[in-house]
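Look through the structure below. Then follow the walk from its core out to its helices and loops.

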2 protein chains.
Amino acid sequence: MQTRKPHKPRGGDAQPGQTAPKGAARAEGSGASHAPSGHAAAAHGAPPRVTLNHIAAYAGVSRATVSLVLRKSPLVADETRAKVDAAMAELGYVYNRRAANLRSGASRTIGLVLCEITTPNYAQLTSGIDDVLDGEGYVAFITNSEEDAARQRRLLVRMQEHGVDGVVLVPAEDTKAEVFDDAHCGNLPRVVAQRRVEGFSGDYVGPDYGAGMELVTEHLIGLGHRHIGFIGGVRRIAPLAERLAGFRRALRRHRLKSGPVVPCAVLDRADGYAAARDLLAAGDHPTALVCYNDVVAFGVMLALAERGLTPGKDVAVVGCDDVAEAGLHRPALTTFTTDPRVVGREAARLLLRRVENPSRPPEQIIVPPRLIIRQSCGAAPGQRGRAAKAAPPLSRRRAGGPTP
Amino acid sequence: MQTRKPHKPRGGDAQPGQTAPKGAARAEGSGASHAPSGHAAAAHGAPPRVTLNHIAAYAGVSRATVSLVLRKSPLVADETRAKVDAAMAELGYVYNRRAANLRSGASRTIGLVLCEITTPNYAQLTSGIDDVLDGEGYVAFITNSEEDAARQRRLLVRMQEHGVDGVVLVPAEDTKAEVFDDAHCGNLPRVVAQRRVEGFSGDYVGPDYGAGMELVTEHLIGLGHRHIGFIGGVRRIAPLAERLAGFRRALRRHRLKSGPVVPCAVLDRADGYAAARDLLAAGDHPTALVCYNDVVAFGVMLALAERGLTPGKDVAVVGCDDVAEAGLHRPALTTFTTDPRVVGREAARLLLRRVENPSRPPEQIIVPPRLIIRQSCGAAPGQRGRAAKAAPPLSRRRAGGPTP
DNA sequence: CGACTTTTTTAGATCGATCTAAAACTTCGC
DNA sequence: GCGAAGTTTTAGATCGATCTAAAAAAGTCG
């Protein structure tokens with residue numbers, strides 16, 4: 001049976017210790033763009049891996065037959081299959097997908113490049129993707145561009161080096177439509193998720209921020225508000241434009257003039273706070289504030305409280321995203337959910353369809369928003385707005401068990 | 001191009017469209033344990049991949065030379081190197097790591113199997129791991145066992161099929177020490193993170209829950225509390241035992257008797273709420289409550305408020321983890337951080353060390369806790385406890401910018 | 001029984017890189 | 001000018017699977 005080495009006889013099977021040559025010349029070069037990204041290899045005393053050849057020899061059949069058994073081909077006789085299965089169990093075989101893949105193409109692997117990994121919403125998105133992939137026997141490489149377009153480019157290249165079948169990209173802030181060209185992803189199947197990239201006309205999955213903003217704004221109008229402001233950003237990401245547009249659409253429908261639109265630089269809590277404080281200091285503030293997202297809304301509510309104004313009573317506040325804290329905050333935040341988990345699931349499914357058939361026409365999947373009415377808009381629970389199903393003060397969407 | 005047919009001559013470069021044979025017989029079998037996990041392949045009209053051979057031909061050198069250039073070997077002459085680099089740039093070469101890996105062993109890939117992916121703390125951990133890996137040119141397969149030991153086992157197998165160099169495991173709830181044997185990970189480098197696995201004596205990285213509990217308990221004692229209860233769980237995860245032990249150590253040191261230890265089944269907000277409500281209904285409640293974690297603490301505070309008790313004034317409440325909401329909640333929660341990002345970083349580093357040298361002795365890295373004093377313990381800001389640096393009411397650990 | 005299917009098995013090429021050992025080319029001393 | 005020594009380059013085997021095309025075995029039938 002295959003000793004492979006022409007002359008050296010092989011000893012037993014379990015061969016421990018195996019003092020391998022340590023280290024490896026560490027040559028770091030100038031960084032030519034096509035070199036394998038990363039550093040010098042640090043290979044090591046590999047354990048003796050059981051291969052198809054071992055199984056074949058043990059079962060007394062050919063390697064090809066074993067391969068057929070692995071792939072559940074109907075060609076092999078039941079008896080032979082049993083023999084081979086037994087041999088695999090006996091020897092503790094572990095399939096080597098890279099080798100298989102080298103010959104046959106598909107790797108059952110996809111890449112997910114996130115612009116941010118710690119935000120709960122992206123974690124949900126990841127989870128949705130993983131759900132679908134796991135069911136299909138895929139695994140995802142997941143990495144984080146940290147809103148850095150250059151890093152994103154590098155990561156896309158690295159994904160390809162690893163031979164992914166496709167990628168889901170949640171684009172970093174200044175992502176241009178050429179991102180895929182720049183990263184040499186010839187015809188790598190790709191899906192953009194969560195944030196639109198201007199000029200990119202391929203597959204996209206994302207929430208309908210505009211419609212969501214319309215929902216919450218309509219809700220405020222329905223509660224009688226006529227002077228509504230927007231606390232939002234100036235960042236170069238697509239969702240901002242969509243949100244602002246939705247906000248304005250709702251106002252226009254009711255022939256209302258837009259209240260002040262206050263910019264935020266970073267779109268975080270501190271920024272929302274600062275923006276709202278400035279607005280309040282200017283006097284004659286709106287009776288309701290639509291915020292870019294929940295986090296900004298938290299800051300806004302803090303500023304209100306500081307001024308002795310009660311959110312939901314003196315000034316209505318609404319957000320966007322329905323982050324976990326939204327239901328926990330007091331007053332609980334009225335907002336709309338962008339269902340990142342659903343977005344993830346749809347993105348994964350779309351990517352797999354694309355991998356399956358690269359030439360199908362591009363698809364855009366827009367996940368509809370759901371309005372979540374809580375207290376910060378002033379619609380006291382029980383008095384429910386007409387717009388949608390209200391959520392209990394403490395959201396129970398996550399864990400089981402009776403919520404108080 | 002690449003029509004795959006032997007006789008057709010090869011044409012130009014850009015040839016779109018490419019009507020490939022659709023579908024693929026979907027053969028689903030009985031599920032023999034050694035078959036490649038997953039389904040039948042769905043291979044497809046692969047894009048024309050540029051290989052070393054193409055580069056070699058274009059540059060007029062041998063494949064071996066190109067390979068040397070790729071790996072930045074000092075053996076090649078500068079002139080040759082330049083020629084090859086140019087050829088690679090010209091043809092748009094993308095390194096094929098799977099092929100390289102097949103021959104040479106190390107894949108620059110690791111697996112991360114999480115018990116839960118959506119919890120912010122695990123997202124932080126993931127982020128920490130990604131930080132380190134990215135710097136070293138590694139990529140991680142990330143998957144989610146959903147606290148399901150069987151699924152976890154499957155995922156570990158799948159990771160090996162993909163040829164990872166090692167795995168970081170955040171074990172699911174009922175993980176036994178044999179998990180790695182069961183998943184046939186012979187001598188796959190492995191690091192267990194965040195939760196201990198009883199009986200597993202390999203590499204481990206995790207926070208020091210015990211010490212953290214001691215910190216917060218000591219803090220409460222320092223504030224004058226003498227009757228302190230514990231709201232905690234009964235789940236079969238190691239951290240619970242550690243936490244309870246820390247709590248008791250602190251009490252013992254001050255010769256205090258433990259207040260009631262109330263079990264929680266699920267360790268979420270609703271459960272904390274229920275547990276606290278029961279405790280309060282029983283009358284004669286403790287003056288301070290140490291909670292299993294922040295989320296439970298939120299539930300507890302809700303129950304207090306419902307009874308007309310103000311957390312931090314009538315009853316002190318402390319948590320554990322310092323989740324993002326902790327600083328946002330009113331009253332802001334006194335807690336200690338378990339620095340999941342640091343845990344992630346250390347785990348990744350340790351794993352890489354282990355990959356580098358499989359025979360080094362096992363290592364246990366315990367990340368020390370940091371006490372975060374806010375309002376829920378009753379130590380009004382300004383009045384700071386003696387124990388540690390206090391945090392501002394709104395934690396500013398995340399985003400930049402001036403926090404109000 | 002021999003020709004002809006049909007079913008099952010297999011040898012050998014192949015994927016795209018690395019690795020080894022040897023070949024080819026330089027340089028140099030004498 | 002020739003062999004030794006050093007520097008560059010290369011042919012060919014190799015990793016562990018899949019794929020193709022053909023061989024071997026089994027079954028059919030006039």
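Which residues have the most contacts inside the largest nonpolar core? They are L114(A), L133(A), V168(A), L114(B), L133(B) and V168(B), in a core of 54 residues. A nonpolar core here is a set of buried Ala, Val, Leu, Ile, Met, Phe, Trp, Tyr and Cys residues joined through side-chain atoms within 4.5 Å. Buried means under 20% relative accessible area, exposed means over 50%, and partly exposed lies in between (1.4 Å probe, protein chains only). In soluble globular proteins, nonpolar side chains tend to be buried together.

A word on the source. This is a predicted model, where local features need pLDDT of at least 70 and side-chain atom pairs count only at pLDDT 80 or more, while totals for chains, interfaces and linings use all residues. Residues are numbered from 1 along each chain as its sequence is written, chains are lettered from A and ligands numbered from 1 in the order in which they are written, and side-chain values use heavy atoms, with hydrogens and water left out.

Leaving aside neighbours within four places in sequence, L133(A) is in contact with I110(A), Y138(A), V139(A), A140(A), A348(A) and L352(A). Contact means heavy atoms within 4.5 Å.

Now the whole of chain A. It has 404 residues, and 52% of them are buried. Its elements are 13 helices and 12 strands. These are DSSP runs, numbered from the N terminus: H or I of at least four residues for helices, E of at least two for strands. Take the contacts in chain A between residues at least 6 apart in sequence: 69% of them join residues at least 24 apart.

Beyond four places in sequence, V170(A) touches V113(A), L114(A), C115(A), Y122(A), L125(A), Q152(A), A193(A) and Q194(A). L125(A) is 45 residues away along the chain, yet the two C-alpha atoms are separated by 9.9 Å.

T338(A) is also in a loop, between β10 (335-337) and α13 (340-356) of chain A. Its relative accessible area is 2%, so T338(A) is buried. Not counting residues up to four places away, T338(A) touches P207(A), Y209(A), C320(A), D321(A) and V343(A).

R151(A) sits in helix α6 (residues 149-161) of chain A. Beyond four places in sequence, its contacts are N144(A), S145(A) and E146(A), together with D130(B) and D134(B) of chain B.

Next, the helix pairs. Two packed helices are described by the angle between their axes and the distance between the axes. Axes are lines fitted to C-alpha atoms, for helices over the stretch in contact, and angles run from 0 to 180 degrees between N-to-C directions. Angles under 35 degrees count as roughly parallel, over 145 as roughly antiparallel, 65 to 115 as roughly perpendicular and the rest as oblique.

In chain A, α10 (residues 269-281) and α11 (residues 294-306) pack at about 45°, with axes 7 Å apart. The two are therefore oblique to each other. Their contact residues divide into 10 nonpolar, 2 polar and 3 charged. In this count Ala, Val, Leu, Ile, Met, Phe, Trp, Tyr, Cys and Pro are nonpolar, Asp, Glu, Lys and Arg are charged, and the others, Gly among them, are polar.

Helix α1 (residues 52-59) of chain A and α2(A) cross at roughly 105°, and their axes come within 8 Å. That makes α1(A) roughly perpendicular to α2(A). L52(A), N53(A), I55(A) and A56(A) of α1(A) meet R63(A), V66(A), S67(A) and L70(A) of α2(A).

In chain B, α1 (residues 52-59) and α3 (residues 78-91) pack at about 120°, with axes 9 Å apart. That makes α1(B) oblique to α3(B). H54(B), I55(B), Y58(B) and A59(B) in α1(B) meet K83(B), V84(B), A87(B), M88(B), E90(B) and L91(B) in α3(B).

Finish with the backbone. Most residues other than glycine have a negative phi, and most peptide bonds are trans. K72(A) has a positive phi near 55°, in the loop between α2 (63-70) and α3 (78-91) of chain A. H184(A) has a positive phi near 60°, in the loop between α7 (179-182) and β4 (190-193) of chain A. With a relative accessible area of 31%, H184(A) is partly exposed.
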